[in-house]
Each structure stands twice: as structure tokens, then as C-alpha cells.
Amino acid sequence: MQKVGWDEVSAGTILDSFSQEVDNSALVRPEDRPYADTNSYTASVADWRVLKPVYNRDICIDCQNCWVFCPDTSIISRDKKMIGIDYDHCKGCGVCVEVCPTNPKSLLMFAEQDDNEEALSQWPEKKKKGE
Amino acid sequence: MAEKMELKEVEVWDGNMAYAQAMRQAQIDVVAAYPITPSTPTVQNYSKFLADGYVDGEFVMVESEHGAMSGCIGAAAAGGRVATATSSQGYALMMETLYQASGMRLPIVLGVVNRAIAAPLNVNGDHSDMYMGRDSGWIHVATYNPQEAYDMILCAFKIGEHMDVRLPVQVHQDGFISSHTAQNVRPLQDEDAYDFVGEYQEKNAMLDFTKPVTYGAQTEEDWHFEHKAKQQKALMDSRPVIDEVFEEFEKRTGRKYNRVETYMMDDADIAIVALGTTVESARAAAQIMREEKGIKVGVVSPRVFRPFPYEKMQEALANVKAVATMDRSAPGGTVGMLFNELSGALINTDKRPVLTNYIYGLGGRDMTIENLKTIIEETNANAEAGKLTVPTQQFSGLRGPKLSFF
């Protein structure tokens, strides 16, 4: 964002989400909203993440639990189909993994530097009853 | 729809009732409050108005004064007209949130009833709370009696909510001396008062979903300075708006307010500078000393002490030889606030009057006419000598050996 002078900054540090007014924005998909530079949608705000969730499409049942619980709206889902993780906004809190009900889980935490393909190849087997 | 209250031409109100009535007439959307002595009757009266159907807005009982101002901040950001009242320890607990309110440019009105700050615990009036918050970025207005307390609350909404200002405003009155002393007050009728204050104009309302906004963003060294500079500019730019509002108020009521109030200053050789109810006592003492001793003394008071009326104080004191600054707050290891601010304003003027500082009235101790007469005599001696004849800082009305510094 351009570093403007005091005369151009917003009064009260009140930052616009959109560059123009939007009616019923809840019904407009994020990629279709006119986000302003002052909204973090266009920024990466995830640099302090040390563990990241990795998503396994093969196991997921699209229950949307992770989407509901994610505190940073970083679960990307369309038409109730889970698509993946928004790594520009996910802080790595692990809530999505905790609430995932499948066996094995469809989301697991891996080190930030791990390769996602590698992570998927190490996915645990289904646990048996009593295991 | 709120009931209209029929008011007499002259009502007998104490300062708290004056605050509460002005708040009622402004048709506030949200009052979030945690009552504290001596401002308790302000919100108590207000809640009674609400229970009796004279108020349409919300009254939110919160868990502390920190919560009270936080509630006000939330409601103001949401897009409503908002006010509350507090004193002393409550004011101190609000401190963090006072900076939030001004930093977010929320035009909240806070009726302060001034009271000492513990320890030792004390419920009476001094200006410790007022002084504590004076740099919190709010507009601060001082009053001397219930009439002014009423008038200034009405003006506070109009000033703070002005589209060129959008800053929170505190109105101050002295605990008990003004807040609990019933006096004649000439109110406006409800419709006149509301017509003066005007309909609330939203700006960056969080409940406007077509234009979502973020309040309370974090800014570090790359942005913070610019934002604080812009806030200072807004506070300084509120001065002509305040003048305008005072002019409009005069047209409606005949009561004239100024950012600096002067009394018998036309021919004055010396001046007393004070805040609050002491201004009225000082005026009485000045009159007496003019009659009894022929001392040409006047009284100057910053009605609006934030933004500080720097030039207007220079102007008011341009021709005096000595000034006594009177601070009703424990100075905490330095000279009093008025001494400091006046020194700053007068150091670059041609005549540079001799300045002294009197600490007085702490914890509600009376400032008597006798004390004021002594102060006037000492100030007159300074004027005649053209230099200090007494210590810079003295304590007036204090028991025990004479205490002075510098």
C-alpha cells in the first residue's frame, strides 16, 4: 500500500473493506467483492504460522465443520464442497483439525516447511475400534 | 416516541439534573453507564426519564467505567448518538478507552463531575480527574454552574458531531459545588433543544452493511505518526466550529460563551486564571479588591481548555503585568497545569507577565474570598515589583507551615 502523508490517511484510522458500496455483500462471493487495499483479503497475513493444516480430499466428507469453526475464514468451500486452505490468511491454530470428524482426519497439522504432496503420502491409516 | 417534558422558564436544578436534562433533550441512542459519586444523579435522573417514557434510546448498565466507555465506543462506532457521565476513580478507569474514543474519532459526549483521585479516598470536588485526561485527545469544556453545565452538554453534541470535527467532547463541572447545588437554570423547551443539537449524522457507521469498515486497526511506526498528526489537526481545526456553535447558541438563548472567558480585563493590571466554580469566586473577589483596594484585577478562564486557546489566552493577557494561575489538582512533582500552559503561551509575548502558581482546593477544600484576596494582593505586589516577590508555587488554604516551591 502506498505510504501517503498525514493529510491523506483516513480519519480515525477507519479502514474501508470495499472500494465501493456493495448491496447484500453476504450473497457475493469473496472473489467477486471489490475489496479495498485496506482490507486484508488482498494481503498475506500468515507469516508467523509454524504449523499448517494440510487437507486430504480423498477422506473429506464435506461436512463443513472446519468452515464453520475456522476463526479466520481460511477454509475455502464452494457450494458446500471443501476446496482447500487459504494459506495467505490461515494462522495455523489447528481448530479445523480438532473439529474434523472423519477417521482418519481429513485435515492434519504439518510443519510449515513440509511439502504438501509429501504430507499427503504420509497420511495415517483408518483407526480400528478401540485403537 | 418519547414523551415531551414541559419545562418552566426557570427550573431549579443542580448540575447533575442539568446534565441529565440536556442528555434527555438530545435524544441519545445509547447511554452505557456505571454511576459513581458525585456524577451518580446524572445517570440516575436519566434512567428515571427513560423509565417514565421520556427517552427512546437504550440505557446499558455495565460492569465498570471501562465497560461504560467501551459500550459507548461500540455504540458510537455502530452509528448512534452516545453519551455517559463519570467522576474520579471511574474516570481513571476509563482512561484507556478515552484514548480509543478520540483516536477512532467517535463524537461521544462525557459529562464529567470533577472529583479528587485516591489515595486518600475522597468524594469531593477537585480537578485531578480532569487533569489526568486532558491529553487524551478529547475536546474539554469547563463550566462553573448548573446553567453552564446544561448549556455546554447541548453544545458538546453539536460540536463533537459536526462533520468537520467528529471528536469526543467532555464537559466538566465541580463535584458537589456545582453538581449538587440547586440553582436557577433557564432551559430550552424540548423541541428547541433538539432543533439546536440536530439530527444525528452517521459517519462510518458499522451498521451500514453496504460499506463495511474496520475500527481499531493496528498501526506501527510506518503509519501511526501520520494518524496521530491527523487527529491533532482535527482537534485544532475544531476551534472555529466551537466558535460557530457558541454563536448559534447565543442567537437561540442570549447566553454568550467564549473559548476564553474574560471578566473585568479591559483595564486590568493583573489577572487570575482558574477553572470551574473558582472562576465565579475569583470574579467576586476581583470586584471586592477593585472596590476596597483599587487593584485593577480581572479574571481569565479557558472555557475550552482542549484544544488549548493559545492565541486567545495571549490576547486576553497581553496587557497584564502579573498572573496568578490556580490549579485545583495535586501537581505531582511539578508546577500546576495552568501555570505550565500559560507559561508556554506567554513566553513569546512582548510583555511576559510575572507568573505564579497556586495549588488549592484539593479534595473539595473551599477556596474562600479571603484566600483569593491574599492571592490578588501577592499578584499585585509582583506586578508592582516587575518580578516575583513570593515563591513561584504556593499552597493556598493549607494548614500547617507555609508550603512553597521554586
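**Close-up views of chains A and B**

**View 1. A strand of chain A pairs with a strand of chain B.** In this predicted model, strand β1 (residues 15-16) of chain A and strand β9 (residues 213-214) of chain B pair in the antiparallel sense over 2 bridges, where strands are DSSP runs of E with at least two residues, numbered from the N terminus, and pairing requires that DSSP finds at least two bridges between them. Within this pair, Leu15(A) stands opposite Thr214(B) in β9(B). Residues are numbered from 1 along each chain as its sequence is written, and chains are lettered from A in the order in which they are written. Local features need pLDDT of at least 70, side-chain atom pairs count only at pLDDT 80 or more, and totals for chains, interfaces and linings use all residues.

**View 2. Chain A touches chain B.** The contact takes 16 residues from chain A and 20 residues from chain B, two residues being in contact if their C-beta atoms, placed from the backbone, lie within 7 Å. On the side of chain A that touches chain B, the residues divide into 7 nonpolar, 5 polar and 4 charged (Ala, Val, Leu, Ile, Met, Phe, Trp, Tyr, Cys and Pro count as nonpolar, Asp, Glu, Lys and Arg as charged, and the others, Gly among them, as polar).

**View 3. Chain A is divided into two domains.** Domain 1 of chain A covers 1-43 and domain 2 covers 44-122, with bounds that come from an automatic or database domain assignment. The C-alpha centres of domain 1 of chain A and domain 2 of chain A lie 27 Å apart.

Conventions
Helices (H or I, at least four residues) and strands (E, at least two) are DSSP runs, numbered from the N terminus.
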